[in-house]
Amino acid sequence: MQYDVFISHSSADLAVSEKLYEYLKANGIKCWIDTKNVTGLYARSIIEGIKQSQIMVVVFSGHSNVSPHVENEVDNAFNERKVIIPFRIEDIEMSDVLKYYLRKSHYVDGFLDPVAAFPVLKEQIISNLPEKRKEKDAWRIPQSFSPFSLSFRLSSQPISASRT
């Protein structure tokens with residue numbers, strides 16, 4: 001896939017959506033957002049962006065809640081079997097249409113301070129991207145690791161550092 005995340009938003013929420021785009025991009029997550037990626041026909045670009053992304057983040061607000069474009073994007077992502085993560089920047093009830101698609105989704109709340117919630121959203125995204133999860137996990141010490149179970153080899157004779 002060309003992109004990790006497709007950012008779906010209402011144009012009224014453009015400021016926070018573009019900040020999110022810049023934050024994720026700075027953290028190594030490849031994003032698609034209409035203001036940066038639409039070329040040619042708008043609808044065709046949107047569909048291609050969804051197809052080329054692994055995850056959709058919906059910037060959820062009162063504006064996106066009633067946006068027919070956001071509804072269409074969510075519907076397409078759902079039908080493409082994409083992971084959809086609602087990022088709630090307002091504490092309001094979802095419309096029936098969005099509830100149908102998003103009720104069982106794990107969402108991230110950012111309605112108190114959206115920018116402060118970006119790290120939590122980033123972690124949620126990474127947990128749904130297999131290759132990013134592998135990169136992150138490569139830096140962790142396995143739980144089964146014990147410095148007392150290491151074996152060392154000097155010359156041709158094995159020496160065990162096992163603790164008995």
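Predicted model: local features only at pLDDT ≥ 70, side-chain atom pairs only at ≥ 80, totals over all residues.

Within helix H3, the buried residues are Ser45, Ile46, Gly49 and Ile50. Why do these residues lie on the same side of H3? They cover an arc of only 135 degrees around the helix axis, and that places them together on one side of H3.

What, then, covers the buried residues of H3? The cover includes strand S1, residues 3-8, strand S2, residues 31-32, helix H2, residues 34-37, and strand S3, residues 53-60, together with helix H5.

Let me stay with H5 for a moment. The axes of H3, residues 42-51, and H5, residues 68-79, come within 10 Å of each other and cross at roughly 40 degrees, which makes H3 oblique to H5. The crossing of H3 past H5 is right-handed. On the H3 side, the contact is made by Tyr42, Ile46, Ile47 and Ile50, and on the H5 side by Glu73, Asn76 and Ala77; sorted by class, the contact has five nonpolar residues, one polar and one charged. Ile46 and Ile50, then, are among the buried residues of H3 and also take part in the contact with H5.

Finally, for the protein as a whole, the secondary structure amounts to eight helices and seven strands, and 39% of the 164 residues are buried. Of the contacts between residues at least 6 apart in sequence, 66% join residues at least 24 apart.

Definitions and conventions
Residues numbered from 1 in each chain as written. Heavy atoms only, no water. Axes fitted to C-alpha atoms, helices over the stretch in contact; angles between N-to-C directions. Helix = DSSP H or I, 4+ residues; strand = E, 2+ residues; numbered from the N terminus. Parallel < 35°, antiparallel > 145°, perpendicular 65-115°, else oblique. Left-handed = near helix turned anticlockwise from the far one by under 90°. Contact = heavy atoms within 4.5 Å. Nonpolar A, V, L, I, M, F, W, Y, C, P; charged D, E, K, R; others polar. Buried < 20%, exposed > 50% of the residue type's maximum accessible area, 1.4 Å probe, protein only. Arc of directions from axis to C-beta.
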